[in-house]
Amino acid sequence: MHPTRTLPYIFLLAMALATLVGGCGRQRIRPTVAEPETGWDAPTAVDVENFYGSVTIRVDPQVKSVRPVAVVRTSWSTDLGNRQAAKDSVTVTARTVVEGGRTVLRVRTSSNWKDPTQVWVNLKIVMPRCDGLRVWNRGGKVKLIGVAGAVLVDNGPRFDDRGDIELRTGAPMTEPVALVTGRGSVVYQIGSASSGQFDLTSETGQVEFESPVVKPDAMHTDGKRVTATLNSGANAVLLRSGHGLVRVFVTDDPVAYAN
């Protein structure tokens, strides 16, 4: 093809690529969080509510400060002229409060956009420690890595998106845990020092309890439900899915082995 004739094609290709890139536009929000008086190395819990999207919380002892990152996304169906307005409709707040003598990092997202299918938030928090958490989320994966303490996750599908939950930690999990989703997988991957009275249920999926490093006590399964006791623990561990795999895996290196 003659070089001068290729220019219109190159222009059209560039325009097409620009349209594709903008088709699922993103905007990054990094709310500033005041450091608690006791510092981030003191016991800290997390309380998150995300209206639509995903939540990732990861513990990294090397981190010296905490600043959540919220990536706002818009769908392909959003009109080009409205994409920025859709992203601007999202509000992300983050603050620290003291409850019961312990610091709690509280993060909230919301949107008043006219079409709730067109905008969502993928939230990521990296912190030096996490001593308990609550997460409410819809329409995306909740991933928790290296956390400790009591855990409550209420995740679920929204529109065509699932509500998977994955928790992987080497910290001894000896407090109550509840991981619940309406549709999606629930994976609870822990170390041999953890304990609990386990109750696993999936209405239309597989239920698995695998513990090659510690033998569970009083394990029972009927194909839809598994109950077991690990290390004589009294803490309740409730895992539920309306449609999807529910799995417990007790291993010597629970963080490194990714599902």
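1. A quick definition to start: a residue is called buried when its relative accessible area is under 20%, exposed when that area is over 50%, and partly exposed in between, using a 1.4 Å probe and protein chains only. Because its relative accessible area is 0%, Asn50 counts as buried.

2. Some ground rules before going on. What you have here is a predicted model, where local features need pLDDT of at least 70 and side-chain atom pairs count only at pLDDT 80 or more, while totals for chains, interfaces and linings use all residues. Residues are numbered from 1 along each chain as its sequence is written, and side-chain values use heavy atoms, with hydrogens and water left out.

3. Now, where does Asn50 sit? You'll find Asn50 in strand S2 (residues 44–50). Strands here are DSSP runs of E with at least two residues, while helices are runs of H or I with at least four, and both are numbered from the N terminus.

4. Have a look around Asn50. Contact means heavy atoms within 4.5 Å, and, leaving aside neighbours within four places in sequence, Asn50 touches Val55, Thr109, Val121, Trp136, Asn137 and Arg138. A polar atom of the Asn50 side chain lies 3.0 Å from the backbone oxygen of Val121. Ser110 is 60 residues from Asn50 in sequence, yet the two are 7.1 Å apart in space, C-alpha to C-alpha.

5. Asn137, one of those contacts of Asn50, belongs to strand S8 (residues 131–137). Is Asn137 buried or exposed? Asn137 is buried, because its relative accessibility is 0%. Its side chain reaches the backbone oxygen of Gly53 at 3.0 Å. Leaving aside neighbours within four places in sequence, the contacts of Asn137 include Ser54, Val142 and Asp154.

6. Zoom out to S8 as a whole: five of its seven residues are buried. Strands count as paired if DSSP finds at least two bridges between them. S8 pairs with S2 in the parallel sense over five bridges, and Asp47 has Arg134 as its bridge partner in S8. Five bridges also join S8 to strand S10 (residues 148–155), again running parallel, with Ala148 in S10 as the partner of Asp131.

7. Why is S14 largely enclosed by the rest of the structure? Because six of its seven residues are buried. S14 pairs with strand S17 (residues 225–230) in the antiparallel sense over six bridges, and with strand S18 (residues 236–241) in the parallel sense over six bridges. To trace these pairings, find Gln197 with its partner Thr229 in S17, then Thr201 with its partner Arg240 in S18.

Terms used. Polar contact = N/O pair within 3.5 Å; in protein donor to acceptor, adjacent residues only side chain to side chain.
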